[in-house]
Amino acid sequence: MEIWAKGSFWSRVRSFGRAAMGRTRVEEGMAEEMRFHMEERAADLERGGLSAAEARRRARVEFGWVEGHKDGVRQALGLRWLDELKADLRYAARMLRRSKGFTAVAVGSLALGIGANTMIFTVTKGVLLDRLAVERPRELRLFSIRMAEEGSPIHRFSGSFGPAPGGGTQTSSFSYPAYELLREQNRSHPVMEDLIAFREMGNRLTLTMDGHAGVASAELVSGNLYQQLGVTPQLGRAIRPSDDTPAAGLVAVISDGLWSRMFGRSTNVLGKTIGLNLIPVTIVGVNPPGFTGAGSVQSSPDVFLAFGAQPQVFPMRGSGLTGGPAESNSALGDKGFWWMQIVGRARAGVSDEQIRAAMAVWLDQDIRATLKIDKDTQMPKLVVRDGSRGMARAGENYAKPIYVLTGMTAFVLLLACANLANLLLARSAARQREMSVRLALGASRGRVLRQVMTESLLLSSLGGLAGLALGYFGRNLIPHLLSSSWQPTELNTAFDWRIFLFTAGVSVLTGVIFGLAPTWQATRAEVNAGLKSASAGATRRRSGLGGKAIVVFQIALSMVLVVGAGLFTRTLVNLNSAELGFDPNRMMLFAIQAPASRYAAPLDVRLHERLEERIARVPGVESVTLTEEPLLANSMSNTDFFPTDQPKPQGKAAYSDVNGVGRTFFTTYRIPIREGRGFTSTDTATSPRVAVINETLARRFYGDRNPVGRSFSNGTGPDDHTYQIVGVAADAKYDQLRDAPPATFYPMYAQQNEEQEMTYAVKVRAGAGDVMPGVRAAVAEIDKDLPLRDVRTQKEQIEATIVEERLFATLTAMFGVLALTLACIGIYGLMAYSVARRTNEIGVRMALGARSEQVLRMVLGESSWLAVAGLGLGLAGAVGLGRLVRSMLYGLEPHDWRTLAGSATVLLAVAVGAALGPARRASRIDPIQALRHE
Amino acid sequence: MELMQGTLDMLILKAVSLGPLHGYGVLLRIQQISGEQLEIQQGSLYPALARLEHQGWIASEWGESENKRRAKFYSLTATGRKQLQVEATKWTRMAELVAGILKTTREEL
């Protein structure tokens, strides 16, 4: 029987397809066949002795109702369904065309709702769903280590950290020797395919070509990466294992993006030599367009180099931070420096737990053999993670904002749905009579339901189509809002079939949701009652309650959205007016990196001193200072702080933030010195080391005592020093706008052993205009191969750190306005409809002596009650949901009464305002006319 | 005798199993083999034919009738033949069962 069903299923599909395609052929064939039948029958009857006319009549009688049988054939072929759908669609289209205003409002609000959802989903997909463009990305596993808060044997890290679930911290950084050892072990007892190493080097590479200097991002990869990931360059060759040796020539594979940007997609790029941090490197290949490296799904680094290139292109004296073998520039042999990532393919049939168990043993052995272990040491734990989305940093950073935005857009869409349900409900009540007529004429209930659903789905499809267009053109709005002038956002918003599917799904869902109410009402249509109650009775039937409930729901939803808009807008306002502790006006920032190949330490420090001195003489420059970390850029350094005249403090208290600065830092940034002095010309590279501390630090370590003249050390390592405190500066924000100024000390950069990259802060004289051409010329005068990186103003820099808050304020404000508009339409629609239905009743009231202001008050009172009920509900919802966004707010609590009261007032005003028109109309009803009115 | 519900399809399959027929021919064949005993609403043959063809049990082809007119001829397909067998077996068993029940006497209980 199984085979049977299957066979006949395909035969049915084929038959339906044939019939639906060749519709006229089917109809003609059917007619001809039946005519033939009746004529043959008539001929037979005539031969039996009947007259020709009588024979024809008998044949027709015996055959039966021709049209009925034809319909039977159509139904048998599955064509009935198609015909009905066509008729429904035609009818629905006619209905929509007839009420153009309604259709415009419906499609418009749906388009906004669905468009907003599509826009957010595009970002969600890029951040949370997209996988690396490599072969079989699901097989990839990324390794991390989890460390306890105290007692980790690994002290020198570079890379991103995160809190581990269940305490401690987690990072995906390993040392190169650890990678080599794990790879070796895995080769003899395989639990994975060959292990791959990579490290994204960020946007920190100076790229020189034909005398032109620019900035590029890079990724270091192990020689086996391309082959293991199954990535083939679109041009030239990949990086091979043989490239990954110190002796090999330096070669690079460039991204599709860089190929377009710098080489105009010319095939001559192969074999071309470019300077990377002033080291000549030969381009041997161009990556395929979709490939973004092993670390990120969002955007591709510009240049891919083998790890063997690190000592030359990215020299790390003392492994970048402190300590380590100072004679070498290589991090590849440094067992103590954990800075690169390990990824690999799981072997078929090996579970993640088996992989973890085997690798954990090897890693443990390695750490015990190479690092200092004592009795307090807490060994790090190995973690095996999904590697198909790279390090998924964007996911970590944006997951929460995305969930909140998704929630809000879902609310907006729900609001649009509620609005439509309401409008359709009012219409379907008006169409009660039509439904009754159709039922009376023999339409089945299912048929009527299908008709109503078809209309809703047609509306929602139109809205979905417009929403898709809106989402497509608006897909770059969020990345645009998130990016700043000097650094593009790493968000991939490629449009693909999944977005189309999502939008289509959402459209159908909304159509069903807002179609439900009118459909339900249509089923309740009683043929008799419907036909009889054609004239609006003086008493209102219960059917109005559905509409009221929907309006209350709408107001509640709007309240939540408006409160959200209020909270995020006030957060932005609070952040913008936060006390900085320094003057950000007329301040230009840029970074200059001294390439180690040309300026080996301490020449780099001298270079920065020369540049500082030269830039200070540029016309229009009031003063210039350097900082190791730019202010308010989400980056900071910290270090030990041990006052020499106190016992060593324990735990966190022993830390202080630190920022190495230029001599004129405090005057340039207008940070007042409270005690002692700032830096002067007597503080030089060779004089004793001095530092200025801020008030918070002074309070924490010295209490009421005057710290000036005392000294401290920043650790006990060979590269750590003792500093004398010469002054106390007022508190100023460092890395974050949100936090109070942290305890910070400022040493002079000129007294440091090495400073590769520094941020220059140039205070421009008032009215001096653009000083940057002069500054560029001054820098080029000293070294023409030094690009100015990330040129921006200090204010732009501050803006960039609150770009997420700005995005939220902008989007939620948009949603809030949208919500108010939709609520307004909803209330107006309901009240206008209610007044129209009650014309008769109001006429009676007025005839009995009600004054027009009493009628006005009655209608306004009704809408106010709806609003108050909705506001109460919305208030509860807003307070409940507000807790979820507490961490995203600044300077106010989620239940901030001013925001709540303000939102409630606005909504109440909107509710009353929307009802004003219908209320006026009601109050002007002429009793005589109203009573005559049917 | 009026046709029992659901038996028309089987009769059509049987009729065309004896050779390709046009619609009117199917009617004649059924009447002929039933000894003119069955009354069939003639027009209802066509939805039934369409249904069977839709299922893939019979196939149709335009051809020429005995008196040289264009007509649509139906013939049994391979799956149609199997279906006819299944239906026939089912029907025979049913008929025997019902007959057995009806013949039951008090003594046999």
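**Terms and the values behind them**

Guide: Ser144(A) stands opposite Val383(A) in strand E16 of chain A. This is a predicted model, in which local features need pLDDT of at least 70 and side-chain atom pairs count only at pLDDT 80 or more, while totals for chains, interfaces and linings use all residues. Residues are numbered from 1 along each chain as its sequence is written, and chains are lettered from A and ligands numbered from 1 in the order in which they are written.

Visitor: Which bridges join E1(A) to E4(A) and E15(A)?

Guide: E1(A) is joined to E4(A) (residues 169-171) by 3 antiparallel bridges, and Ile145(A) stands opposite Thr171(A) there. With E15(A) (residues 341-345), E1(A) pairs over 3 bridges, also in the antiparallel sense; Leu140(A) has Arg345(A) as its bridge partner.

Visitor: Why is E1(A) called largely enclosed?

Guide: A residue is buried if 20 or more other C-beta atoms lie within 10 Å of its own, exposed if 12 or fewer, and partly exposed in between, with C-beta atoms placed from the backbone. In E1(A) (residues 140-147), 7 of the 8 residues are buried, so the strand is largely enclosed by the rest of the structure.

Visitor: Why are H7(A) and H11(A) called oblique?

Guide: Angles under 35 degrees count as roughly parallel, over 145 as roughly antiparallel, 65 to 115 as roughly perpendicular and the rest as oblique. Axes are lines fitted to C-alpha atoms, for helices over the stretch in contact, and angles run from 0 to 180 degrees between N-to-C directions. The axes of H7(A) (residues 176-188) and H11(A) (residues 352-370) come within 10 Å and cross at roughly 135 degrees. That makes H7(A) oblique to H11(A).

Visitor: What residues make this contact, and how do they divide?

Guide: Residues are in contact if their C-beta atoms, placed from the backbone, lie within 7 Å. H7(A) contributes Pro177(A), Ala178(A), Leu181(A), Leu182(A) and Gln185(A), and H11(A) contributes Met359(A), Trp362(A), Leu363(A), Asp366(A) and Thr370(A). They divide into 7 nonpolar, 2 polar and 1 charged; Ala, Val, Leu, Ile, Met, Phe, Trp, Tyr, Cys and Pro count as nonpolar, Asp, Glu, Lys and Arg as charged, and the others, Gly among them, as polar.

Visitor: What makes H2(A) and H3(A) oblique to each other?

Guide: The axes of H2(A) and H3(A) (residues 52-63) come within 8 Å and cross at roughly 130 degrees. H2(A) and H3(A) are therefore oblique to each other.

Visitor: Why do E1(B) and E2(B) count as edge strands?

Guide: An open sheet of 3 strands in chain B has the order E1-E3-E2, with antiparallel pairing. E1(B) (21-22) and E2(B) (58-64) each have a single partner strand, so one side of each is left without a neighbour in the sheet. E2(B) and E3(B) pair over 7 bridges.

Visitor: How many residues of chain B are in contact with chain A?

Guide: There are 18 residues of chain B in contact with 22 residues of chain A. The largest share of the chain B side, 7 residues, comes from H3(B).

Definitions and conventions
Helices (H or I, at least four residues) and strands (E, at least two) are DSSP runs, numbered from the N terminus. Two residues are in contact if their C-beta atoms, placed from the backbone, lie within 7 Å. Two strands pair if DSSP finds at least two bridges between them.
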